[in-house]
Amino acid sequence: MSRGKRQKPSGRRHAAGSPGLLLAVPLLVAGLVAGCTAPAPVVSGSTAVSSPAPSSTASATPAVTPSAGSPSASASVSLSPGTAALKQTMESVLKTIAAATPKPAQDALRSQLVSAGIPDSAVEVSASKTPTGLDVDAIEAAARLDKDCVMGEIRAGQVSVSVLPVLASGKCFVGDSR
């Protein structure tokens, strides 16, 4: 074995500006932030809901405890008959449209909801194209009834419908929904 020349240190160090460290820091911060979110409250039909102590970053979410005598004591809130019918209509219309085209146009979605008997003044539909002319990932529609908004979404041909409270503005969407 021969002894070679000893390598001289190059003087370069892995400083804070190295690419590996620049990538690691944001990932570490993202992991820490993700670990700081409060767990979702557990909803049960037979026992009271326990939730973690409120923190300054957690949003206030009301706990839902259905009564033992309700037909769907599996964590669903009872809806008024009008809202339940509107939700069923919205789901039916959206499923029919999604079966025909997974990315419907805004005007077509609005006209189908109005044709199904929902008043035009109560319908809000999100844009179906981005400002640059691309198709959106999901199109959403809302129908307002009293203090409820029946919100429906078509994403990749799949439909989801939920009921949320009307916003303080009296609308279901924030911003312009045409």
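A salt bridge is here a side-chain nitrogen of Lys or Arg within 4 Å of a carboxyl oxygen of Asp or Glu. By this rule, five salt bridges are counted in the structure, which is a predicted model. Three of these pairs are described below, including the location of the partners and their accessibility.

One of the salt bridges joins the side chains of Lys95 and Glu91, with an N to O distance of 3.3 Å. Both residues belong to helix α2 (residues 81-100), where they are four residues apart, about one turn of the helix. Lys95 has a relative accessibility of 46% and therefore counts as partly exposed. Glu91 is likewise partly exposed, its relative accessible area being 30%.

A salt bridge is also formed between the side chains of Arg144 and Glu124, at 3.6 Å from N to O. Arg144 lies in strand β2 (residues 138-145) and Glu124 in strand β1 (residues 123-125), so the pair ties together parts that are 20 residues apart in sequence. Arg144 counts as partly exposed, because its relative accessibility is 27%. Glu124, by contrast, has a relative accessible area of 3% and is therefore buried, given that buried means under 20%.

The side chains of Arg155 and Glu153 likewise meet in a salt bridge, for which the N to O distance is 3.5 Å. Arg155 is partly exposed at 41% relative accessibility, whereas Glu153, at 18%, counts as buried. The value for Glu153 is 18%, and the cut-off for a buried residue is under 20% relative accessible area.

Technical notes
Residues are numbered from 1 along each chain as its sequence is written. This is a predicted model: local features need pLDDT of at least 70, side-chain atom pairs count only at pLDDT 80 or more; totals for chains, interfaces and linings use all residues. Side-chain values use heavy atoms; hydrogens and water are left out. Helices (H or I, at least four residues) and strands (E, at least two) are DSSP runs, numbered from the N terminus. Buried means under 20% relative accessible area, exposed over 50%, partly exposed in between (1.4 Å probe, protein chains only).
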